[in-house]
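Please find below my notes on the model. They are set out as numbered points and can be read in any order.

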Amino acid sequence: MLPASRRMQHCLVIGENDMTAGVQVTLRDDAAAATGPAIAGEVIAVNGPVVRASCRMPIGMSEVVWVGEERMIGEVIGLRGDNATVQVYEDTTGLRPGAPLYASSLPLHAELGPGLLGHIFDGIMRPLEALAAQRGDFIGRGTHAPSLDRDKRWDFDPVLQPGTDVRGGEVLGRVRETATVEHRVLLAPDMQGTLAWVAQPGAYAVDEVIATVVASGGSREVRMFHRWPVRRARPVLLRHAPTVPLQTGQRVIDAFFPLARGGTAAIPGGFGTGKTVTQHNLAKWADADVIVYIGCGERGNEMTGVLTDLPRLEDPRTGRPLMERTVLIANTSNMPVAAREASIYTGITVAEYYRDMGYHVALMADSTSRWAEALREVAGRLEEMPAEEGFPAYLATRLAEFYERAGYVTTLSGAVGSVSVIGAVSPPGGDFTEPVTQHTKRFVRCFWGLDKELASARFFPAINCRDSYSEYAAGLDPWWQEQGVSDWGELRERGLALLGEDSKLQQIVRLVGEESLPDRERMTLEGAAVLREAFLQQNAFDAIDRHSTPQKQVLMLRAILHYIDRGLQLIERKTPLYRIKELPVRTDLMRMRLGIADSEVERLDALLATIDAQMDALAQE
Amino acid sequence: MKGGLQAGLEYRGVDGAQGPLLFLRGVRHVGFGELAEVRSPSGQLLHGRVLDVNEAAIVVEVFEGTAELSLQATTVRFLGHPLHVPVGREMLGRIFDAFGAPLDGAPKPIADDTRDVNGVTINPVCRAYPSDCIQTGISCIDGMNTLVRGQKLPIFSGSGLPHDRLAAQIVRQASIVGEEQGFGVVFAAIGVTHDVAEFFQRSFQESGASRNSVLFLNLADAPSVARLVAPRTALTMAEYLAFDLGMHVLVVLTDITNYCEALREVSTARGEVPSRKGYPGYLYSDLASLFERAGRIHGRPGSITQLPILTMPNDDITHPIPDVTGYITEGQLVLSRELNNRGVYPPVDVLPSLSRLMEDGIGEGRTRPDHSKLASQLYAAYAKTKEIERLASIIGNEELSELNRRYLQFGQRFERQFLSQGDFDNRSFEATLDLAWEVLRPLPDSELTRVTQEQIERYRR
Ligand SMILES: Nc1ncnc2c1ncn2[C@@H]1O[C@H](COP(=O)(O)OP(=O)(O)O)[C@@H](O)[C@H]1O
Ligand SMILES: [Mg+2]
C-alpha cells in the first residue's frame with residue numbers, strides 16, 4: 001500500500017495530460033472495455049450513498065470509480081491512508097463489504113461535443129433516452145451509456161488550414177447541431193500547437209479523429225468532443241461587467257428587476273409560489289441562444305412537462321421548436337441524492353462550453369436548495385461537523401463557486417459569450433432567513449423574492465416588489481438608450497416609486513379604509529392597482545400574456561403612467577375620482593395584457609390616444 | 001463478538017440494542033438495505049432492514065421494535081435481498097398488514113409476484129404528463145384545484161377536521177367524464193386508529209368499491225417502525241395494479257405525520273444530526289421516495305393518483321411535515337378549522353390550496369374554455385374579500401364602500417353555495433362552473449379583470 005502522502009499526489013489533471021490526449025482517454029476506455037478495468041480496492045462500509053473502500057492501488061480525489069459487480073458510478077470525496085470515501089451516484093441497496101472497486105483514472109467529467117442540444121441527461125450526464133432504450137421505463141443500476149451518441153454522424157466543416165498555430169478554445173470547424181444552433185468544434189482549452197492535419201468536410205462520428213495537433217510533446221489527435229472535469233470552471237480570456245439585458249419576456253422582471261446577460265439571479269419562495277413556472281418561463285422565453293435547465297431534486301412530472309412543452313413551442317426569434325436550443329439535466333427527487341449534488345456542476349459545465357463557442361447561455365437550476373441538502377446529507381453521513389441547520393460549513397463557499405461561473409466574457413477564441421445563472425431557492429417554511437437563501441443573497445445580484453400572499457390570490461408572477469432588487473438595472477440604461485428608448489430608466493423609477501408610495505398608503509388603508517383618503521392619494525392607489533393588475537401580473541398559461549417584447553413592455557408602461565398623469569391633472573381640477581375610474585379606457589388598460597399580442601403594438605399607441613380623448617372629454621364637463 | 005455463532009447467514013446473539021436498532025459485530029457478507037429476519041427468544045418472527053454496514057458493526061432497524069429481544073438469545077438471519085412483498089389480482093377486496101400478510105382471517109391469496117417494496121425509479125423520459133382531469137363532484141376541488149389522473153395531491157388537515165370524510169367522498173365520486181372504467185383503491189393506514197380504518201372500510205363497502213380495493217393496515221397499536229413499510233407495501237401493490245394490470249388506482253395514505261414520526265424515531269436512535277424539529281435531513285428525499293411513486297407511463301394504460309392525508313401539528317403549515325410534503329407533491333388541499341367551526345363542509349381553505357397539474361387538465365375540449373381564468377378570478381375575488389373582512393373588523397361594515405360590501409356578499413355566497421356541499425352532493429364540472437359565475441354575480445364587470453371580455457359576455461348572461 002502507498003503511504004497517504006504519495007496517494008494524494010496522484011491527483012487527476014484531466015486538462016494537462018488526459019485532456020490534451022482526449023484520444024488516450026478514449027483508448028483507455030476501449031482497453032478497459034476489452035479487459036475490464038483493474039480492481040483498485042474493496043468495499044468495507046456502506047451507509048446509503050456513502051461507501052468506504054480500502055484500496056490497493058493509488059486513487060485520486062474526485063476520481064470516478066465503479067463500485068460493486070454492477071459497476072455503479074461513484075466519485076472519490078475523501079482519502080485517508082488506504083481508505084477512500086466514495087459518494088455513489090446510484091442506489092447502493094444490496095452492496096456488501098468485499099465488493100470490488102474499480103478505478104477509472106478520470107475525474108467526474110462531462111463529454112462536450114455535438115449531440116447535447118435537444119437531449120435530457122441525468123445528474124452525471126447519462127443520456128436518459130439511451131437509458132430508457134437499454135433498460136425500459138425504470139432506471140436500473142449500473143447502466144452505462146456515453147453522453148454523446150457514438151453512432152450518429154455529424155457534418156463537419158473545417159475552418160482552419162493545416163499549418164495554423166492553434167491555442168486552446170480555438171474553433172476548428174463547424175457542425176450544424178440543430179436547425180437553430182451551429183456547433184463550433186473547439187480545441188480543448190488547455191491544448192495548443194500547430195495544426196498538422198484537418199479532416200476533409202464530411203460526416204464523422206464524435207469519436208473519429210478530425211485533426212492532429214503537433215506540439216513540443218508530440219502529435220495529438222483531436223476529435224469533435226472533449227472531456228472536461230465538471231467541478232472546474234472552464235477558462236476564459238477576459239471577464240466583463242454585464243451591461244446587456246437578458247430579455248425574459250416577463251414584464252415585472254425586464255422592467256423592474258432586470259437580469260443582465262452573464263448575470264446571476266436567485267428566485268426564492270415557499271412551495272407553490274411560482275419558482276418552477278418562472279424558471280420554465282425563462283427557459284421558454286429568455287432571449288438566450290442556448291438554455292441549460294437543471295431539474296435538481298424536484299418532481300419527475302415537471303421534467304416530463306418541459307419535455308412535452310419545449311418541442312411544441314416555437315422560439316419567437318427563429319420559429320423553430322425551443323427544444324433545439326435546450327439541454328435538460330434531470331435528477332428528480334427520487335433519483336439518487338449524490339447525483340443531485342453533481343447535477344449542478346455538470347449543468348454549468350455544459351453552459352460554459354456553449355459560451356466558449358460565443359453563445360449567450362442561460363442556466364436555470366431548480367432547486368439549488370435540493371443541491372445544498374444533498375451536500376448536507378452526504379456531509380451528515382461522513383459525520384462532518386455541521387454548521388447552521390446541519391449544513392456543512394463549506395456551504396457558502398460552494399454556492400459562491402457555483403455563481404462565480406456565471407459571467408459575460410471574451411472567450412479563449414476571442415468571441416463574446418455569456419452564462420447567466422438563475423437559481424431557485426426553496427426555503428423551509430418559506431422563511432428567507434435560512435442559510436441557503438441568506439448565503440445565496442451574498443453571491444447573486446438579482447433577487448426575485450416570491451410572496452405567499454400574492455400566490456394565494458393567484459397573482460402571478462408572485463414577485464414581491466418590496467423585497468426584490470436588481471443591481472444590474474443602472475448598468476443597462478445605456479443599452480436601452482442605444483435602442484432608442486430614452487425613457488426606460490425613468491419609466492422604471494416612476495413605476496417603482498408608485499409601488500413604494502402605494503405600499504405606504506396601504507398601511508393606512510388597512511386601518512381606516514380607502515374612503516377616508518383624499519382623492520389625490522386615492523388616485524395613487526388607483527394607479528398602483530392598474531400597474532399591478534395590468535402590467536405586473538402575467539399569466540404563464542395565456543397564449544398572449546405569457547410573453548411581452550421589450551417594445552410592448554415600454555408602451556404598456558407608458559400608457560399606464562399616462563393614465564395616472566392625466567388622472568391626477570383632472571383631480572387637481574376637482575374631477576371626482578370615481579368618474580375617472582368609470583372611463584371605459586380603464587377597462588381597456590386592465591385587459592390589454594390578455595388582448596394585445598406582441599405583433600399588435602400599434603394598438604397600444606391607439607390606447608394612448610384613447611386615454612387622452614376620454615380624459616379630455618371628462619375635463620370638458 | 002458475543003455468542004456470534006455463524007450458521008450460514010444466520011447469527012445467534014446480538015451485540016447491542018437501542019430503540020428500534022440492533023447492532024451486530026463480526027458479521028460478514030451482508031448488504032446495505034438487506035432484509036433481516038429476527039427471531040425473538042420467545043420464537044416470534046420480526047422483520048428488519050440493514051441501515052449501515054461497516055468494519056465495526058452492522059445496524060439493523062427492526063420494524064416491530066426490539067422490546068422483546070435479549071442480546072444472547074436473539075437470532076438474526078440475513079436474506080440477501082431487500083424486503084419483498086406479495087402483489088396480485090387476488091389481493092383485491094382483502095385486508096393485509098404492513099407486510100402484506102392477511103388480517104381478515106381468510107386464507108393467504110395467491111400472489112402473482114413478489115416485488116421489492118422500495119419500487120423502482122421511473123425514468124422521467126418515460127413518464128406521460130398527467131392531463132386527464134378527474135371529476136370529484138366537489139366544487140372547490142373541480143373548480144379551483146382540479147385533480148388529475150396520475151397526480152399526488154395531499155390533504156393538509158388538523159386533528160378533528162373532516163379529512164377522512166373528504167377523502168372518502170373523493171374516492172366515492174371520482175370519475176372521468178365519458179369513461180366507464182372506475183378506479184381501483186389502495187388504502188394504507190399508517191398509525192391511525194381502528195375507527196379510522198373501519199370508517200374507510202365501511203365507506204368502500206357502501207359505495208361498492210371494496211371489490212376493487214385493497215387495505216394495508218398499520219394501526220396505532222401496531223409497531224411504529226412498521227409505519228415505514230406500510231405505505232411502501234401499498235404503493236408496490238398500486239404499481240402492480242396500475243402498470244402491470246392497467247388499472248387506474250387511487251392511493252389513500254393516512255396519516256403521513258405518523259410516518260414522519262417513525263422516521264424521526266429511527267433517526268434519533270441512530271444519533272444522526274437532525275435538521276428542523278428533530279426530523280432527519282433526508283426527510284425530503286425519503287418522502288419523495290413515496291410521493292414520486294405516482295403518475296403515468298407512456299405506453300402503459302394505468303395510472304397512480306395519490307391522496308395522502310397529513311395532520312399538521314398545531315395546524316401549522318410551516319411545520320416540517322406539511323412543508324416538506326408541499327415541496328414534493330403536486331399541490332395540496334388545506335382544511336381550515338375556522339371554516340369547519342362555522343359549519344362549512346368541506347372546510348377547504350382555497351387560498352393556500354393548489355393543484356399544480358390543473359392547468360393542463362382543464363379548458364377547451366376537457367372541461368370548459370373559461371375554467372382556468374374563472375378559477376383565477378374566484379381566487380382573486382376571495383383573497384380580496386378576506387382583506388376587506390379584516391378591514392371591516394376594524395372600521396365596521398357601515399364604513400365600507402359600496403364595492404367592498406359587494407365583495408362581502410360575494411364571500412358569503414362563495415362559502416355558503418360554492419364551497420359548501422353535502423357528502424353525497426356530486427356536481428358536474430358544468431354545474432360547478434355555472435355556480436362559480438353565479439356566486440360572482442354581486443361583483444360588477446369591471447372587477448372581473450382575470451377573465452376576458454368575451455367570457456363575460458358568453459357566460460355572465
Ligand atoms: N406566471 C404564472 N402564471 C400563472 N400561474 C402561475 C404562474 N406562476 C405560478 N403559477 C401557478 O402556481 C403554481 C405553483 O407554481 P410553481 O412554479 O410550481 O411553484 P413552486 O415551484 O414555487 O413550488 C403553478 O402550478 C401555477 O398554477
Ligand atoms: Mg417548484
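1. Conventions. This is a predicted model, in which local features need pLDDT of at least 70, side-chain atom pairs count only at pLDDT 80 or more, and totals for chains, interfaces and linings use all residues. Residues are numbered from 1 along each chain as its sequence is written, chains are lettered from A and ligands numbered from 1 in the order in which they are written, and side-chain values use heavy atoms, with hydrogens and water left out.

2. Ligand site. Ligand 1 lies between chains A and B. It is surrounded by 15 residues, where a residue counts as near if one of its heavy atoms lies within 4 Å. The closest are Gly272(A), Lys275(A), Thr276(A) and Val277(A), together with Arg356(B).

3. Polar contacts of the ligand. A polar contact is a pair of N or O atoms within 3.5 Å; within protein, one must be able to donate a hydrogen and the other to accept it, and residues adjacent in sequence count only if both atoms are side-chain atoms. An oxygen atom of ligand 1 is 2.7 Å from a side-chain N or O atom of Lys275(A). A backbone N or O atom of Thr273(A) lies 3.3 Å from an oxygen atom of the ligand. On the nitrogen side, a ligand nitrogen atom is 2.9 Å from a polar backbone atom of Ala540(A).

4. H8 and H9 of chain A. Helices (H or I, at least four residues) and strands (E, at least two) are DSSP runs, numbered from the N terminus. Axes are lines fitted to C-alpha atoms, for helices over the stretch in contact, and angles run from 0 to 180 degrees between N-to-C directions. H8(A), residues 337–356, packs against H9(A), residues 368–381, at about 130° with the axes 8 Å apart. That angle makes H8(A) oblique to H9(A); under 35 degrees counts as roughly parallel, over 145 as roughly antiparallel, 65 to 115 as roughly perpendicular and the rest as oblique. In the contact (heavy atoms within 4.5 Å), Val337(A), Arg340(A), Glu341(A), Ile344(A) and Tyr345(A) of H8(A) meet residues of H9(A) including Trp371(A) and Leu375(A). The contact of H8(A) with H9(A) has six nonpolar, no polar and four charged residues. Ala, Val, Leu, Ile, Met, Phe, Trp, Tyr, Cys and Pro count as nonpolar, Asp, Glu, Lys and Arg as charged, and the others, Gly among them, as polar.

5. H14 and H16 of chain A. The axes of H14(A) (488–512) and H16(A) (550–572) come within 11 Å and cross at roughly 55°. H14(A) is therefore oblique to H16(A). Among the residues making the contact are Trp488(A) and Arg494(A) of H14(A) and Arg558(A) and Asp565(A) of H16(A). By class, there are seven nonpolar, no polar and three charged residues in the contact of H14(A) with H16(A).

6. H10 and H12 of chain B. H10(B) (371–395) and H12(B) (429–439) pack at about 45°, with axes 11 Å apart, and are therefore oblique to each other. His371(B), Leu374(B) and Leu378(B) of H10(B) meet residues of H12(B), including Phe429(B) and Trp437(B). The contact of H10(B) with H12(B) holds seven nonpolar, one polar and no charged residues.

7. Backbone features. Phe460(A) and Pro461(A) are joined by a cis peptide bond, omega about -10°; Pro461(A) sits in the loop between helix H12 and strand S26 of chain A. Another cis peptide bond joins Tyr345(B) and Pro346(B), with omega about -5°, and Pro346(B) lies in the loop between helix H8 and strand S22 of chain B. Ser62(A), a residue other than glycine, has a positive phi near 65°.
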